[in-house]
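Please read the following report alongside the sequence and the coordinates.

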Amino acid sequence: MLIIYSLIILLAFSVFSVIMLNNYKNTQVRNTEIRLFQTANVVAETYKGNREQMIFTRMMVRNYAMQANARILIIDSQGEVLIDNFNDYIGTKIDNEEIRSSLKGNSSSNLYKLENKEVLQLSVPIILNESGTDKIIGAVLLSYDMKKINDSVSELRKDVIKVGSLGLLLSLLLTILATHNLTKPLKDLTVGVDKISKGELGYVIERKTRDEFGRLVDTFNRMSSTLSKIEKNRKNYINTISHELKTPLTSIKVLIESLSIGDWHIDKYKEYLQDIYGEAERMERLVNFLMESIKLEERVFNIKEEDISQILEDTIKLILPYANQNKVHVKYTADKNIIVKCDRDRVKEMVFNLLDNAIKYRDPNKERSFVNISLKKENNRALLTVEDNGIGIDEANIKNIFNRGFRVLEGQFHGNIEGYGIGLTVVKKIVDQHGWSIYVKSTLNKGSIFKVEIPL
Ligand code: ADP
């Protein structure tokens, strides 16, 4: 990964440097060309006016050559050198592309490589206007050694390489840092997922950033904590069930053992058998609960338009003997004719569980126990409320009561309050599958309110 990043950076930088250096050299050459053409034209003009004064013209050429840092030749129309600021070519004939072109009246320039030297050569014609007609009487040829320009380009190249290497090093460092920052949270997540897959539920990853990775880490941690809670509940549930099964089994064993020793009166046998029957019934109820719990996942709902107040009344009738038996007063108020799409039997089961709990968790220390059930139509929703003045639930436990197998009094043993922590799980499941919502408000020793919100 890092190698690819480095190669990309290096390639981009090289292309950029080559383009930049070429542009720089071209601009330098063009500027020099303009400057030299100006000099050549000035020389041509001066020569034209002072042809008779050769000494002055030579001095002038030498001056211009020095200023322009170039070699200047003045050539006549036959190609013979008349003036050379170095005096080497005077009297010789020169024939090249530039001169030929200038003797035809054009200005031209070109770059040449002469013995490892780069030379810019340009020429302009010397045109004399005699009685209205132009006559080419010669040309000015200028040779400029490109060394100065090439030196400045190579200086620039050195600087670019220096700055570029520094930049490259810096960007590599940044890339290393960025890749590390990118891959580190991914590595942490991989470790986390690996831990979860090995059963270390509840494993938490430290959140180091506030970006997308940070949010992913939060989601992971939430998932891990939920999985851990589910696992804890499952263990709790199995623990409760095993305990609840063990108690009647031990009783049955002891009762049978007692009966098998000694010669008992028939009444004793009957009494003990009655007890064994009671324990077997307890176990049967527990097994039914277990089966109910498993069936919960597989139920198919039978949704129809139903009058919900009718369902409520039917359920209350069912539970009333249990309430009377335990001296719990049941009060019921309902708006009539609220038609809701639902599964009648499931809703009955949901209400039954809520009422069963409200009676089961009554407070024996209170003089009067009650359960108030109400059904109200409000705008576009119906609100079903089950309120009791029972033992209540403390705040820390409220968030767990809908979890399978959770019982507030777990471990303290409920005495005669039987249950397996499944009633409210069923209630929640039914509420969810209808797309409704359930809310709980409860205060320890005061009572509880369960509200089911049904959109109409
Ligand atoms: P259980 O079979 O134990 O009643 P539930 O799922 O119905 O299981 O309820 C879970 C726990 O929530 C109960 O063990 C009880 O502690 C608490 N609970 C439920 N309803 C009430 C209520 N109306 N008043 C007080 N506690 C309640």
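The sections below treat the basis of the model, a sheet and its helices, salt bridges, the ligand surroundings and a group of paired strands.

## Basis of the description

This is a predicted model, in which local features need pLDDT of at least 70 and side-chain atom pairs count only at pLDDT 80 or more, whereas totals for chains, interfaces and linings use all residues. Residues are numbered from 1 along each chain as its sequence is written, and side-chain values use heavy atoms, with hydrogens and water left out.

Strand E1 (residues 71–76) and E2 run antiparallel and are joined by 3 bridges; leucine 73 stands opposite aspartate 84 in E2.

## Salt bridges

Side chains of opposite charge can pair when their charged atoms come close. The structure holds 24 salt bridges, each defined as a side-chain nitrogen of Lys or Arg within 4 Å of a carboxyl oxygen of Asp or Glu. In helix H5 (residues 212–260), glutamate 212 and arginine 215 are 3 residues apart and so separated by about one helical turn, and they form a salt bridge whose closest N and O atoms are 2.9 Å apart. Glutamate 212 counts as exposed at 57% relative accessibility, while arginine 215, at 44%, counts as partly exposed; buried means under 20% relative accessible area, exposed over 50%, and partly exposed in between, with a 1.4 Å probe and protein chains only.

Glutamate 231 and lysine 235, also in helix H5, are 4 residues apart, again about one helical turn, and the closest N and O atoms of their salt bridge are 3.9 Å apart. Here glutamate 231 is partly exposed, with a relative accessible area of 22%, and lysine 235 is exposed at 52%. In helix H6 (residues 266–295), lysine 268 and glutamate 271 lie 3 residues apart, about one turn of the helix, and their side chains meet in a salt bridge of 3.9 Å, N to O. Both partners are partly exposed, lysine 268 at 27% and glutamate 271 at 42%. Salt bridges that share partners also join Arg71, Asp84 and Asp88 into one network.

## Ligand surroundings and a polar contact

There are 19 residues around the ligand, of which Asn357, Tyr361, Asp388, Arg407 and Leu424 come nearest; a residue is counted if one of its heavy atoms lies within 4 Å.

Aspartate 314 lies in helix H7 (residues 308–325). Not counting residues up to four places away in sequence, aspartate 314 touches Arg344 and Lys348, and a polar contact of 2.6 Å joins the side chains of aspartate 314 and arginine 344. Such a contact is a pair of N or O atoms within 3.5 Å; within protein, one must be able to donate a hydrogen and the other to accept it, and residues adjacent in sequence count only if both atoms are side-chain atoms.

## Strands around E10

In strand E10 (residues 381–388), 6 of the 8 residues are buried, so the strand is largely enclosed by the rest of the structure. Strand E9 (residues 369–378) runs antiparallel to E10 and is joined to E10 by 8 bridges, with lysine 377 opposite alanine 382. E9 and E10 form a hairpin with 2 residues between them, and asparagine 379 in the turn has a positive phi of about 45°. E10 is also joined by 8 bridges to strand E12 (residues 447–455), the two running antiparallel; the bridge partner of arginine 381 in E12 is proline 455.

Key. Two strands pair if DSSP finds at least two bridges between them. Contact means heavy atoms within 4.5 Å.
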